[in-house]
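Here are a few friendly notes to read alongside the model. Please keep the structure open as you go through the points.

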Protein chains: 2
Amino acid sequence: MVMMAAVMDACQWSGFCIQRLIEQPRSSGAKDCSFQCLSKGFLQKSILSTTSSTQLKSSTVPLHGSSYVHKKKGMHVLSPNISSPSMRVELLDAWDDDYDGVIINPESLPLSANAFELALRASLSNWKLKFQHGLVLVLFSHILSHGFGIVPLAMLPMKQGKKGLWLKILLDQADLVPIAIQEGFNYHQAESGYVMLTYWIPNEPSMLPASPSHQIGVGGFVLNDKREVLVVKEKCPCSCSGLWKLPTGYINKSEDVFTGAIREVKEETGVDTIFLELVAFRHAHLVAFENSDLLFVCMLKPLSFEITIDEKEIQAAKWMPIDELIGQPFYQEDHMSKKVIDICMSAYEDRYSGFIANQLTSKIDGKLSYLYYNYSNKN
Amino acid sequence: MVMMAAVMDACQWSGFCIQRLIEQPRSSGAKDCSFQCLSKGFLQKSILSTTSSTQLKSSTVPLHGSSYVHKKKGMHVLSPNISSPSMRVELLDAWDDDYDGVIINPESLPLSANAFELALRASLSNWKLKFQHGLVLVLFSHILSHGFGIVPLAMLPMKQGKKGLWLKILLDQADLVPIAIQEGFNYHQAESGYVMLTYWIPNEPSMLPASPSHQIGVGGFVLNDKREVLVVKEKCPCSCSGLWKLPTGYINKSEDVFTGAIREVKEETGVDTIFLELVAFRHAHLVAFENSDLLFVCMLKPLSFEITIDEKEIQAAKWMPIDELIGQPFYQEDHMSKKVIDICMSAYEDRYSGFIANQLTSKIDGKLSYLYYNYSNKN
């Protein structure tokens, strides 16, 4: 009872009503975190994507291609800032996530830079107050549970205060970016159409997940019954433009590795294939700016043989005797490419086993996704 | 000779001096493109990171943690816009890359928004002109080589015009972001401290590489001689917070997969390990916003056994009998986690072989990096 009163006080003081949090205990379903929650790092990094949608006030907020909207905790915190009654400033529309974070609704940002600046400042003040209250409550509960009572920490309605803020700004509101930066936000990630900014409230290094750092490349090794390998010559201005090599490319958004390899081979050469196994991958750093990439080499079986090249990217494609491919002076000097071809040939001749892809469900995040492992596992 | 005159005309008209391009033919060294240049997609995506630095006008431009500065083509294009002599507008300082792209120097952007706007507009006009001239020259050379002469396409000093523009804006110049967006730039990627914007000149879908889409997670399976596995219980607000599981985390920037696994285990539990093999990985999509991640499970051999937990992230850690780990009801219901543990135990009992990491040099990009493949390869 003492707890409840304390919570309500905090609640009124900050101008928020957190009564709903008290009334709606956190879902205990298994979907609250991801497979990677096999251990720590992962949970923090799958932020915004893993909460139950059962408490959604609105389940259909039309965010830009984002998956997390259906998974946020669902408590809108849009409310008047009653701490300064003489000037009524609307707070930003936002939701809590399950990781002590706040997701600001990008679809309801004030249109004018001025209004945004006022609302952002007021909202920041409130979120910072929530953080302080969270700290007070944790301390208080500690006394209760260790000194007088048996209030389990997990039952606290506000175990921790707000820590991380997420602000997505769409392309057409770019004038809000400098305002957010000025108020202390930093860039987190961006792609065509939006930039995501974050703010870390505690006076300590940010625990928010880093921005994506890798692109995933795929290469297809396709051999026909005459020991001819499907090779392409690229239209590129670099030194290897005259070189015959395997078809490769980057996977599309949310595309699986083996699906990407099949697609790239089809796009570049017109040849249909099926996936046999993933034979190897290369991890390279500082490839584009500060980023890294992983290139997965897939053994694919041809289902068709006629070649139709993608004239935009490919200069030529053909079936080339494997010995001729390896015989190119370049392959003799390039240890990485030579090893890849060696491995592929071993796999073709059944002297090597790579990884297959097996679709499995994870109870932790409820996702059906692929686990790649060695098919020759005798278990 | 006709070619040369045409080039010089174009040069003078656009206010640029491309004489240096003519005098300094493109390096034909093998470092011009990346390993992935095994096939097409890769080349376009390793943009900005792969050019020879031999022609650098300045080799020490202090860009924010970026690797590409030492690899750009090195022709500064800062020059007065002589097309409007009545109002002398400075162009943005920039370099050409080897992929028909232009990298704008983030360290020399005009400080005032007004000056930036003028310089950006003028520069855009010039780059667009260069693109048009490039097209004209390609056509012209085609006539020459097919109709009258034998001018090989590769010898052309300006085979193609400028296509992609790269503009990195650091945190303290955020007021320039809306201006760039207004002039037609779009977000490409961002991380703490900067946002990168791009502009695609041709009237066709952009061929620029996509922004990074993946985070790379690692998990460590560490078993001692008593068949006890090193497990942790995380401090997380999610449903699996009470679960004993493998130590996991995300790799740091430019960190290798196995190095990251060793580091995470050390940080979370204090236990020193060495890498044995990579047993499996999971590819999951829509994990954080629209991003995906790859979780690599590494078999590590313990070198020490005393446990010291990272109190910030870990609630508890211990050596737990493997049967007890698997016996947790959760593992029986979670097909993904169960399969991972099964594979790890098979590897421990020598009934399974995963991938080892072998450091190799690629002649294509000159990088020394790791190729992961099955060590039981009999080749």
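1. A word on patches to begin with: a patch is made of residues with over 30% relative accessible area and no salt bridge, and nonpolar side chains are joined within 5 Å. Please also keep in mind that this is a predicted model.

2. Which residues form a nonpolar patch on the surface? They are I274(A), L276(A) and L303(A), with about 260 Å² of accessible area together. L276(A) lies in strand β9 of chain A, which covers residues 273–288.

3. Now for chain A as a whole. Its secondary structure consists of nine helices and 13 strands. The chain has 379 residues, 60% of which count as buried. Among contacts with a separation of 6 or more, 60% are between residues 24 or more positions apart. The accessible surface of chain A is about 14800 Å², with 57% of it belonging to carbon and sulfur atoms.

4. Helix α6 of chain A (residues 257–269) has a length that agrees with expectation: its 13 residues should span 18 Å at 1.5 Å a residue, and the end C-alpha atoms are 18 Å apart. After α6(A) comes G270(A), with a positive phi near 80°.

5. Among the buried residues of α9(A) are M336(A), V340(A), I341(A), C344(A) and A347(A). Just after α9(A), D350(A) has a positive phi of about 65°.

6. How many disulfides does the structure hold over all chains? The count is zero. C344(A) shows why in its own case: the closest cysteine sulfur, in C298(A), is 9.4 Å from its sulfur, too far for a bond, given that a disulfide needs the sulfur atoms within 2.5 Å. C344(A) counts as buried, at 0% relative accessibility. In chain B, the sulfur of C344(B) is 9.4 Å from the closest cysteine sulfur, in C298(B), again too far for a bond. C344(B) counts as buried at 0% relative accessibility.

Key. Residues numbered from 1 in each chain as written. Chains lettered and ligands numbered in written order. Predicted model: local features only at pLDDT ≥ 70, side-chain atom pairs only at ≥ 80, totals over all residues. Heavy atoms only, no water. Helix = DSSP H or I, 4+ residues; strand = E, 2+ residues; numbered from the N terminus. Buried < 20%, exposed > 50% of the residue type's maximum accessible area, 1.4 Å probe, protein only. Contact = heavy atoms within 4.5 Å. Areas by Shrake-Rupley, 256 points an atom, 1.4 Å probe, with all protein chains shown as cover. Patch = residues over 30% accessible without salt bridge, like charges linked within 9 Å, V, L, I, M, F, W, Y side chains within 5 Å. Salt bridge = Lys/Arg side-chain N within 4 Å of Asp/Glu carboxyl O. Expected span 1.5 Å × (residues − 1).
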